[in-house]
Amino acid sequence: MFVDEVDIHVEAGDGGNGCLSFRRETKVPRGGPNGGDGGRGGSIYLVASPHHNTLVTYRFHPQFKAPRGRHGEGSNRTGQNGDDLVLEVPPGTVVYDVSTDGDAVPLADLTAVDDRVLVARGGRGGRGNAAFATSTNRAPRRVERGGAGEVRDLKLRLKLIADVGLVGFPNAGKSTLIARLSAARPKIADYPFTTLTPNLGVVQLSDDRSFVVADVPGLVEGAHRGHGLGTRFLAHLERTKVLVHVIDVSSASGRDPVEDYDVICRELELFAGLDDDPAHALAEKPRMAAANKIDALDDPDRLKRLEAHLAQAGVPLFPISAVTGEGVDALAEAMWREVAREPAGAEPR
Ligand SMILES: Nc1nc2c(ncn2[C@@H]2O[C@H](COP(=O)(O)OP(=O)(O)OP(=O)(O)O)[C@@H](O)[C@H]2O)c(=O)[nH]1
Ligand SMILES: [Mg+2]
C-alpha cells in the first residue's frame, strides 16, 4: 500500500520533579538540603531515513509518547533523562504542525537522508530543594515540578522526489511506459484509473546515467475541482524537472489528441500547489510529449495534427509505442538531456 499523507500525534516526556530531601546523618542533627533535580523528558525527532519509502507504518501507529524524566532523589541524585524518540520517515516528507483549528503550518521539509527536525521538546527537569539553598535560607522546602513535554498534532506528507513526471489522461499508457523504461512493474490494464497511487521507476541509461520517473494516476477534465481522482497526486510532480505528457494517438481513446493535450495543460495551470515556490509551478516546468500507441495508429491524421499543434507550442514530441518499445529510447535520451541540464542560477540538489 502506498500512503502519502498521515496525521500523527506526538507527546514529549514531562520533566521529572525536583526532590525535597535533607541530609540525615547520625552526627549532623539538622542536615542541609540534598534533593536532586528531576531529569529532562524525552524529546521526539523526525529523521529522513533511506530505509523507508512510504508513510504506511504511521497509518497503523499514529500516536507517540516519549518517556518522562525520572524524579530527582535524595543525596543530590539527579533523575535520569527520558530517552529521546526518533521516528524515521522517507526522504521527501514534509512535516506540518496542525493547530487546534486545523491550520497546517509547514515545520520542516526532510528532503535529504538524515535531515531531522525536533517536533516535540521534552519538559525540563524541576529543581530539587538543594538548588534553592542560600546563605539566608539554608533549609529551603521549595522544589519545582518538572516542565510539561510539548504535545503536537502533525501532518506528514510524502512528496516523491522524481526527476521526470508522466502526466496524461487515464488509459493513455503512462504505466506501460514506466514499465518499459524501468524495472518498475505497476499494474497495467485496459480501463481508466488503473493506477491509484504513484509509481516510481529508475531509468538506467548507458554510462551510469540514471534518473527517476514518476507515473501518477490519470487526470481528467475538471481534475482541479476534484473530478476523477482529482489533483491530489500532482503535488508529487512539484519537484520534478520535466513533465512528459503521454497522449494516446490511437482512435481507441474516443477523444482527440490535440484536445487531450490542451485539457491536461489547463489542469496543470489550475493546480494550486502547496507553496508559492515558482520552481514548483507545474505549468512552468519544461515539458515534452509522447504520442503513444503508434503501433495502433489507425488514423495517421491524428498524429499529424498533434505534431503541428505541439510544434507551434514549441513542445518536442516523440512518437512512441510503449508496448513495442518503438521510439522509447529516443524519448529516454531526451528526458535525460532535460534532467541533466542545470537551469541557470539553480541551487544544486
Ligand atoms: N496498442 C498499444 N496499447 C498500449 C500502449 N501503451 C499502453 N497500451 C494499453 O493501454 C491500456 C492502458 O495502459 P496503462 O499503462 O494502464 O495506462 P495508464 O495511462 O497508466 O492508465 P491509468 O493508470 O488508468 O491512468 C493498456 O491496455 C495497455 O496495454 C501502446 O503503445 N500500444
Ligand atoms: Mg497507470
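Me: Which element gives the largest share of the lining of the second largest pocket, and how many residues is that?

Reply: Helix H2 does, with 3 residues. H2 spans residues 174-181, and helices here are DSSP runs of H or I with at least four residues, strands being E runs of at least two, numbered from the N terminus. This is a predicted model, in which local features need pLDDT of at least 70 and side-chain atom pairs count only at pLDDT 80 or more, while totals for chains, interfaces and linings use all residues. Residues are numbered from 1 along each chain as its sequence is written, chains are lettered from A and ligands numbered from 1 in the order written, and side-chain values use heavy atoms, without hydrogens and water.

Me: What makes the space around ligand 1 a pocket, and where does ligand 1 sit?

Reply: On a 1 Å grid over the protein atoms alone, a pocket is an open set of points with protein on both sides within 12 Å along at least five of seven lines, whereas a cavity is a set where a 1.4 Å probe fits but cannot get out; lining residues have an atom within 4 Å of a point. Ligand 1 sits in the second largest pocket, so more than half of its atoms lie within 2 Å of the grid points. That pocket holds about 380 Å³, a volume being the space filled by probe spheres set on points joined across faces, edges and corners. Its lining has 26 residues, and Asn-171, Gly-173, Thr-176, Ile-188 and Ala-189 are the closest to its centre.

Me: Which residues are closest to ligand 1?

Reply: Lys-174, Thr-176, Phe-193, Thr-195 and Asp-295 are the closest of the 24 residues that surround ligand 1, each having a heavy atom within 4 Å of it. H2 also gives the largest share of this shell, 3 residues.

Me: How many cavities of 30 Å³ or more does a search of the whole structure find?

Reply: The search finds 1. The largest cavity holds about 40 Å³, and its lining includes Gly-168, Phe-169 and Arg-255. Strand E12 (242-248) and helix H3 (257-270) each give two or more residues to that lining.
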